[in-house]
Amino acid sequence: MENTQENGLNPKEAAVKTEAGGNQEKPDSKAFKKAPGGKPGQKAKAVKGKKRSSLAGRISALVCVSMLVVFVLANIVLLNAVGKSFDKINQDYLLSTTAMNVEKARKSITLAENAARAISDHLEEMYNETDDGAATVPSLLKDTVHLSQRRSFEEKYLLDSVWEMIRHDEHIMGAGVFFEPNAFQQGEPEYAMYLGRDNGDENKRFFKFLDYKFYGNGAEEYYTKASQEKVSHVVDPFVSSITGETIFVLVVPILHNDQFMGTVVVDLNVKMFDSLGQDKSGEGAKTFFDVINKDGKFVYSSNPEAVGKNLSEYVGEETFKNDIQSKFDGESIFHVKDSHRIRYFAPLTIYGTDWYVQSAMSLDLYNQGKHQLFVALATAEVILFILLQVILFSALKKSLSPLGKLAEESDKLADGNFDIKVSYAQEDEIGRLVKSFNNIVKRLTYVVSDLQAKLGAFAQGDFGSEIKEDENYKGDFRPILSSLQDISTSLNSTLKNVHTSSSEVSSSAEQVSSMAQRISEGTTKQASSIAELSKTMEDITDQIRHTTKQAEKAQQLGVVSGSHVETSNQKMTDMQGAMEEITEKSKEISKIIKTIDDIAFQTNILSLNAAIEAARAGEAGKGFAVVADEVGNLAKKSQEAAQNTSLLIEETIGAVQKGAKFTEETAEALQSVSESTNQVNDLIGEISKASEEESAGVSRLSDGLQEISSVVQENSATAEESAATAEELSAQANLMNDLVDKFKVR
């Protein structure tokens with residue numbers, strides 16, 4: 001690139017020329033880098049594979065996430081509130097339905113009970129009237145039974161009343177009046193009637209006479225309970241042997257002056273509870289209404305499969321006992337929720353018998369409204385959410401499209417192309433951004449062109465021109481101009497100093513080279529002298545080492561001789577002890593010989609005594625006298641042998657004592673030799689130790705000389721290298737002078 005000053009252009013003209021020239025290279029260190037080949041100025045390639053992100057897409061995504069969070073939070077609050085509302089509606093429905101079913105069941109039973117109570121009250125009034133008539137009228141129930149005129153009338157009344165009760169209530173399968181013996185007619189121990197529909201015909205009745213053994217004396221539990229407790233009660237359902245229907249029995253006692261006279265019995269079909277919950281239509285088998293006893297057995301169920309079963313089979317034995325049966329003694333309605341259904345229970349007390357009405361709804365049905373609302377709400381929100389996102393993205397994309405053009409032109413600017421122009425008609429934020437971008441391009445164009453001119457002059461070695469102030473270098477551009485001024489001034493001054501210093505370095509280098517040469521020659525002579533001295537010290541060291549080795553050998557021989565002398569001395573000591581022991585043993589042998597001598601003497605005396613005794617014995621003792629004579633001879637021989645042995649032992653003891661004396665003298669002589677040998681060994685050891693110390697000292701002195709020789713040799717080599725370096729430094733100083741002369745300085 002040509003220097004703008006050489007072309008006669010000022011910086012402003014250069015900027016205009018650069019802008020008109022199109023794509024022109026500019027020395028931007030960020031836009032250019034050194035290629036692998038090594039040439040600077042080669043344009044760096046853009047990184048491949050990096051995806052461009054859309055601002056409209058990011059804003060839409062941010063808004064989408066924000067709206068999604070808001071929708072989720074709003075739905076959570078809304079669904080929670082709506083769920084509670086639906087739960088409240090379903091709970092209120094089940095609560096009211098359960099309470100209503102209790103009233104329905106109680107009303108149905110109460111109608112039958114009122115009719116039975118009316119018959120019981122009528123019979124109590126009958127007992128208040130005196131019956132003195134003769135039993136002449138045959139009974140309508142049984143020909144063999146005769147009644148009085150008044151009781152015959154009462155019989156007809158009972159038959160008609162019971163039939164009317166049955167005929168007007170389809171749920172009454174049959175009814176009867178059972179009396180205690182002689183309670184209806186004196187003299188008639190058995191009397192009881194039972195009426196029902198004839199083969200289901202509502203207009204045709206049948207009735208029959210019952211024997212007391214059929215129901216009395218504990219035959220029927222319900223009758224026995226009424227006779228003992230004298231209160232109305234209900235018997236749990238069972239299958240009738242007559243009709244095959246499941247029935248339960250209402251028992252009303254007949255009393256007169258608190259005396260049990262009999263019962264009114266009403267058989268009720270459990271189908272009377274079919275009306276429970278019929279106002280809830282269209283739910284099929286998902287809602288059940290049941291009547292159960294305290295043990296959980298189904299008295300009635302709208303689910304045919306549950307008839308004859310126990311509630312614990314559906315909810316579990318533990319759940320039934322802990323969560324349901326434990327609350328049966330209360331008077332209020334309660335509910336239990338398991339994994340399949342929610343169940344409401346309300347007490348149904350009939351004359352002391354506790355039953356419970358259950359309204360059960362499946363959780364699918366219970367949560368159906370909430371689920372439908374959730375699906376509808378979620379569908380509507382998804383559609384609305386997608387529609388809003390499409391509208392928002394389209395609007396953002398259209399509004400932000402000028403930024404895409406601005407980004408493309410910015411890429412050109414990043415690549416060093418200043419021939420760009422961006423236009424935007426609106427005066428909004430993007431318009432102000434485009435205007436600022438154009439001003440940036442204009443300012444960058446001027447600054448780059450001006451820097452190109454000034455740096456081109458620096459490249460030619462021209463530091464003589466002074467860089468003046470320029471109003472186009474504002475803000476963060478101001479430090480660039482200040483840096484150029486500082487660089488120009490600093491380099492101008494530095495080059496002057498370098499020129500002066502290089503001259504001085506050249507002169508000093510010649511002096512250093514001469515001195516280094518002289519030092520090298522002196523160190524060479526020192527190295528030779530030290531080498532000769534080192535050789536002499538090595539010879540002395542070898543001689544001292546030889547002497548030391550000889551002293552060590554003499555010391556070793558002295559140690560061996562001392563050891564042998566000590567061994568001989570020890571052996572003489574042992575032999576002296578042995579001689580003393582022989583002397584002691586000889587003394588003991590003398591004692592033994594003395595003992596033998598005494599024995600021989602005693603034996604001789606004994607022999608004389610034996611000879612005397614043999615002489616006294618005459619002929620009889622001749623043989624014994626011969627023996628005594630032989631014993632005497634033997635004693636004399638023993639005494640002579642003992643005396644001879646004693647003399648020999650005394651001579652031996654004398655010889656041993658002489659040997660012991662010689663041994664003691666020999667041991668003393670050996671002791672003296674041993675002490676002298678130890679002294680010789682000590683002297684040889686001291687000589688050997690002194691020789692070793694001398695050898696070590698000479699070795700250290702030799703090592704020191706060698707080290708001095710090495711240092712002298714290194715100094716000599718260093719001096720030679722210093723001389724060579726000084727010569728090279730002088731040459732480089734001359735070369736530096738030649739290079740500095742090329743620069744133009746103020």
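Predicted model: local features only at pLDDT ≥ 70, side-chain atom pairs only at ≥ 80, totals over all residues.
Which residues are linked with Arg 205 in a network of salt bridges? Lys 156 and Asp 160 are the residues joined with Arg 205 in this network.

**Salt bridges**

The structure holds 7 salt bridges. Side chains of opposite charge can pair when their charged atoms come close.

| Pair | Distance, N to O |
|---|---|
| Arg 117 and Glu 113 | 3.3 Å |
| Lys 156 and Asp 160 | 3.3 Å |
| Arg 167 and Glu 164 | 3.0 Å |

Arg 117 and Glu 113 both belong to helix α2, which comprises residues 55-128, and they stand 4 residues apart, about one turn of the helix. An α-helix has 3.6 residues a turn, so residues three or four places apart point the same way. Arg 117 is partly exposed, with a relative accessible area of 29%, whereas Glu 113 counts as buried because its relative accessibility is 6%, and buried means under 20%.

Lys 156 and Asp 160 are 4 residues apart in helix α3, so about one helical turn separates them. Lys 156 is partly exposed, at 48% relative accessible area, and Asp 160 is partly exposed as well, at 32%. Arg 167 and Glu 164 also lie in helix α3, 3 residues apart, again a separation of about one helical turn. Arg 167 has a relative accessible area of 34% and is partly exposed; Glu 164 is likewise partly exposed, at 33%.

Glu 154 has its place in helix α3, which spans residues 149-167. Is Glu 154 buried or exposed? Glu 154 is buried and has no salt bridge. The nearest side chain of opposite charge is that of Arg 150, 5.0 Å away, whereas a salt bridge requires a distance within 4 Å. Leaving aside residues up to four places away in sequence, Glu 154 touches His 122, Met 126 and Phe 184.

**Paired strands**

Strand β14 (residues 341-350) is mostly covered, with 8 of its 10 residues buried. Strand β13 (residues 334-337) runs antiparallel to β14 and is joined to it by 4 bridges, and a hairpin of 3 residues connects the two strands. His 335 has Tyr 344 in β14 as its bridge partner. Strand β15 (residues 353-362) also pairs with β14 in the antiparallel sense, over 10 bridges.

Elsewhere, strands β11 (residues 287-293) and β12 (residues 298-301) form an antiparallel pair over 3 bridges. Val 291 has Tyr 300 in β12 as its bridge partner. The hairpin of β11 and β12 has 4 residues between the strands, and Gly 296 takes a positive phi near 90° there.

**Helical segments**

Helix α10 (residues 429-459) has 31 residues and reaches 43 Å from its first C-alpha to its last, close to the expected 45 Å. Just after α10, Gly 461 takes a positive phi of about 85°.

According to an unreviewed UniProt entry, the annotation "transmembrane region" covers residues 55-79 and 373-396. In the model, residues 373-396 are 100% helix, and the end C-alpha atoms of this span lie 34 Å apart.

Finally, Lys 535 lies in helix α11, which covers residues 478-617. Lys 535 is partly exposed, with a relative accessible area of 46%. Lys 535 and Ser 702 are 167 residues apart in sequence, yet their C-alpha atoms are 8.6 Å apart in space.

Definitions and conventions. Residues numbered from 1 in each chain as written. Heavy atoms only, no water. Expected span 1.5 Å × (residues − 1). UniProt positions renumbered as here; feature names shortened; annotations may be inferred. Pairing = 2+ DSSP bridges. Buried < 20%, exposed > 50% of the residue type's maximum accessible area, 1.4 Å probe, protein only. Lys, Arg positive; Asp, Glu negative; His and termini not counted. Contact = heavy atoms within 4.5 Å.
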